[in-house]
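Here is a short briefing to read with the model open beside you.

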Amino acid sequence: MKRATTDSWVVRYLLIGFMLAFILIFLVFPVCVILIEALRRGLAFYFSALSAKHSISAIRMTLTVAAIVVPLNTIFGVCAAWAITHFKFPGKSLLISLIEIPLWVSPVVGGLVFALIFGRQGWLGTWLETHQIQILFALPGIVLATAFVTFPFVARGLIPLMQAQGSAEEEAALTLGANGWQLFWRVTFPKIKWGVLYGMILCNARAMGEFGAVSVVAGSVDDKMTMPLQIENYYQALGPGGLPRAFALASILLLLSVITLAIKIGLEWRSLAPHTVRPIKPVSPH
């Protein structure tokens, strides 16, 4: 029988060459440009650009938003995946579709929705202004916009994983006397922990790099910019140091992306490694 891998060497090398060319043009070349431009004026300028007030503020804002959004989306993702895979209820398919909405809707649309709700002329704008509550152009608005565009990642990673694993072990644990809390931590979570971490990594990467939705709710307030917004602000600056500062800050975002990618690869390798199957032990109800 002729195998699919017995194509002619012309087809084989054309496909490999096309793949390598695509990677070089759209991945390697932009990364090299960022690093070269970031270091063009020397290390002294590079570190001075990173230690500037606006750069420090943007880095702090990005890490703060990610530190808030990732745990929230992790809790939501685990709860949503548990409910969808363990219970039967009307509208389950609709719920899955709603979870996927941020994947198909432009992030700018999400930001505009929050502006319509919490803006000065929005539905809650008058009430918020009366009670001196600031949502837009502040940390709460940035967190809401970032959470909107990132909340599908953990849930969509766990739902197919938990569906494929089934519920046989959970049912066995229940017959041995486990309660709901013990069932989750001793039976379910060990099976899905790598999926949870994988979803958190993807969520964190998107949270740090989000631009569209955040640009709507954060505006151009200097101390409320994340790194992507501050990079654009530097890039559009008319001064001679604007462009190098933009590339310097972009290199930090690139470094965070590389770290995220390394962790992702490590998790994939760890999750595919062979595991020793342990028998289910009786769980004490107390």
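**Salt bridges and their surroundings**

Arginine 40 is exposed, with 56% relative accessible area, where exposed stands for over 50%, buried for under 20%, and partly exposed for what lies in between (1.4 Å probe, protein chains only). The model is predicted, so local features need pLDDT of at least 70 and side-chain atom pairs count only at pLDDT 80 or more, while totals for chains, interfaces and linings use all residues. Residues are numbered from 1 along each chain as its sequence is written, and side-chain values use heavy atoms, leaving out hydrogens and water.

- Side chains of opposite charge can pair when their charged atoms come close.
- The count here is three salt bridges, a salt bridge being a side-chain nitrogen of Lys or Arg within 4 Å of a carboxyl oxygen of Asp or Glu.
- Arginine 40 pairs with glutamate 37, and their closest N and O atoms are 2.7 Å apart. Glutamate 37 is partly exposed at 21% relative accessibility.
- Glutamate 100 and arginine 156 form another salt bridge, with 3.0 Å between the closest N and O atoms. This pair links distant parts of the chain, 56 residues apart: glutamate 100 sits in the loop between helix H4 (92-99) and helix H5 (101-104), and arginine 156 in helix H9 (residues 152-165). Helices (H or I, at least four residues) and strands (E, at least two) are DSSP runs, numbered from the N terminus.
- Glutamate 100 is buried at 18% relative accessible area, whereas arginine 156 is partly exposed at 29%.
- Arginine 206 forms a salt bridge with glutamate 210, again described by its closest N and O atoms, which are 3.0 Å apart. Arginine 206 is partly exposed, with 26% relative accessibility.

**Around glutamate 210**

- Glutamate 210 lies in the loop between helix H11 (180-209) and helix H12 (212-218), and it is buried, with a relative accessible area of 4%.
- Its side chain reaches two backbone nitrogens: that of glycine 212 at 3.1 Å and that of alanine 213 at 3.0 Å.
- Beyond residues up to four places away in sequence, glutamate 210 touches Pro107, Val149, Thr226 and Pro228; contact here means heavy atoms within 4.5 Å.

- Six residues of domain 1 are in contact with five residues of domain 2.
- Together the domains bury about 480 Å², with 88% of that on carbon and sulfur atoms. Buried area is the accessible area (1.4 Å probe) that two parts lose on being put together, summed over both.
- Ile34, Glu37 and Ala38 supply 75% of the area that domain 1 buries against domain 2, more than any other three residues.
- Between the domains there are zero salt bridges and zero residue pairs in polar contact (both at pLDDT 80 or more). A polar contact is a pair of N or O atoms within 3.5 Å; within protein, one must be able to donate a hydrogen and the other to accept it, and residues adjacent in sequence count only if both atoms are side-chain atoms.
- On the side of domain 1 that touches domain 2, the residues divide into five nonpolar, no polar and one charged. Ala, Val, Leu, Ile, Met, Phe, Trp, Tyr, Cys and Pro count as nonpolar, Asp, Glu, Lys and Arg as charged, and the others, Gly among them, as polar.

- Glutamine 132 is in the loop between H7 and H8. Glutamine 132 has a positive phi of about 55° although it is not a glycine, and it is exposed at 75% relative accessible area.
- Phenylalanine 137, found in the loop between H7 and H8, has a positive phi of about 60° and is not a glycine either. Phenylalanine 137 is partly exposed, at 40%.
- Alanine 138 lies in the loop between helix H7 (125-130) and helix H8 (139-150) and is buried, at 7% relative accessible area. Leaving aside neighbours within four places in sequence, alanine 138 is in contact with Val217 and Lys224.
- Threonine 146 is in helix H8 and is buried, with a relative accessible area of 1%. Not counting residues up to four places away in sequence, threonine 146 touches Val65, Val69, Ala207 and Val214.
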